Amino acid sequence: MKSNTPLQRSRIMSRIRGKDTKPEIRVRRLLHALGYRFRLHRRDLPGTPDIVLPRWKSVIFVHGCFWHVHPGCKRATKPKTNVEFWEKKLKGNVARDAKTIEQLRELGYRCLVVWECETKNLDVLAERLTAFLPR
């Protein structure tokens with residue numbers, strides 16, 4: 001595999017979005033098709049959840065497997081360069097996620113984490129979402 005220069009890597013990393021990612025949009029479309037209505041990125045809640053379903057007091061986070069270190073996933077690889085930086089960065093993300101979910105639960109919210117790799121199979125994802133959300 002060809003190594004990128006720091007300038008190329010910087011350009012690539014700058015294009016990674018935090019909102020409206022493809023996995024997030026897949027989940028939103030599926031929820032909408034299932035008849036659920038929701039709010040996006042509510043800044044008044046801890047962690048600014050990706051999807052908030054106020055009627056059911058539930059939130060859904062759509063996590064990237066790399067950025068949030070999905071256990072056992074092939075997408076959650078550890079970079080081989082600048083290891084110390086990435087280890088600190090990714091551990092911080094995981095710790096922040098845990099704290100955010102704890103805060104939301106204290107506020108009475110139900111939380112679901114959907115991993116990027118889980119958005120590939122929409123049938124399985126639909127089952128998981130309907131199991132999580134009441135009717």
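This is a predicted model: local features need pLDDT of at least 70, side-chain atom pairs count only at pLDDT 80 or more; totals for chains, interfaces and linings use all residues.
Trainee: Let's start with His70. Why is His70 called buried?

Mentor: Buried means under 20% relative accessible area. His70 has 14% relative accessibility, so it counts as buried. The residue is found in the loop between strand S3 (58–63) and helix H3 (83–106). Leaving aside residues up to four places away in sequence, His70 touches Cys65, Ala76, Trp115 and Cys117.

Trainee: And what makes Lys99 exposed?

Mentor: Exposed means over 50%. Lys99 has a relative accessible area of 54%, so it is exposed. Lys99 lies in helix H3. From C-alpha to C-alpha, Lys99 and Gly47 are 8.9 Å apart in space, while 52 residues separate them in sequence.

Trainee: Now the sheet. What is the order of its strands?

Mentor: The order is S1-S2-S3-S4, in an open sheet of four strands with mixed pairing.

Trainee: Why do strand S1 (39–40) and strand S4 (110–115) count as edges?

Mentor: Each has a single partner strand, so one side of each is left without a neighbour in the sheet.

Trainee: How do you know that S2 and S3 pair?

Mentor: Pairing requires at least two bridges between the strands. Strand S2 (residues 51–53) and S3 have three bridges, in the antiparallel sense, so they pair by that definition. Val52, for example, has Val59 as its bridge partner in S3.

Trainee: What about S3 and S4: how many bridges join them?

Mentor: Six bridges join S3 to S4, and these strands run parallel. Here the bridge partner of Val59 in S4 is Cys111. S4 is also mostly covered, with five of its six residues buried.

Trainee: Which strands does H2 lie across?

Mentor: Helix H2 (residues 22–33) lies across S1, S2, S3 and S4, at about 145 degrees to S3. H3 lies across S3 and S4, and runs at about 170 degrees to S3.

Trainee: How do you know that the reach of H2 is close to what is expected?

Mentor: The expected span is 1.5 Å times one less than the number of residues. H2 has twelve residues and reaches 16 Å from its first C-alpha to its last, close to the 16 Å expected.

Trainee: Which residues of H2 are buried, and what puts them on the same side?

Mentor: The buried ones are Pro23, Glu24, Val27, Arg28, Leu30 and Leu31. They cover an arc of only 165 degrees around the axis, which puts them on the same side of H2. These buried residues pack against S1, S2, S3, S4 and H4. On the face turned away from the buried side, H2 carries the exposed residues Lys22, Arg29 and Ala33. After H2 comes Gly35, with a positive phi near 95 degrees.

Trainee: Last topic, the nonpolar cores. Which residues have the most contacts inside the largest one?

Mentor: That core has 17 residues, and those with the most contacts inside it are Val27, Leu31, Ile51, Leu53, Ile60, Val114 and Leu129. The elements giving two or more residues to this core are H2, S2, S3, S4 and helix H4 (122–132). H4 provides the largest share, four residues.

Trainee: What does Ile51 touch?

Mentor: Not counting residues up to four places away in sequence, its contacts include Val27, Leu31, Phe38, Leu40 and Ile60. There is also a second, separate core of twelve residues, with Phe61, Cys73, Ile101 and Tyr109 among them.

Technical notes:
Residues are numbered from 1 along each chain as its sequence is written. Side-chain values use heavy atoms; hydrogens and water are left out. Buried means under 20% relative accessible area, exposed over 50%, partly exposed in between (1.4 Å probe, protein chains only). Contact means heavy atoms within 4.5 Å. Axes are lines fitted to C-alpha atoms, for helices over the stretch in contact, and angles run from 0 to 180 degrees between N-to-C directions. A nonpolar core is a set of buried Ala, Val, Leu, Ile, Met, Phe, Trp, Tyr and Cys residues joined through side-chain atoms within 4.5 Å. The arc is that of the directions from the helix axis to the C-beta atoms.
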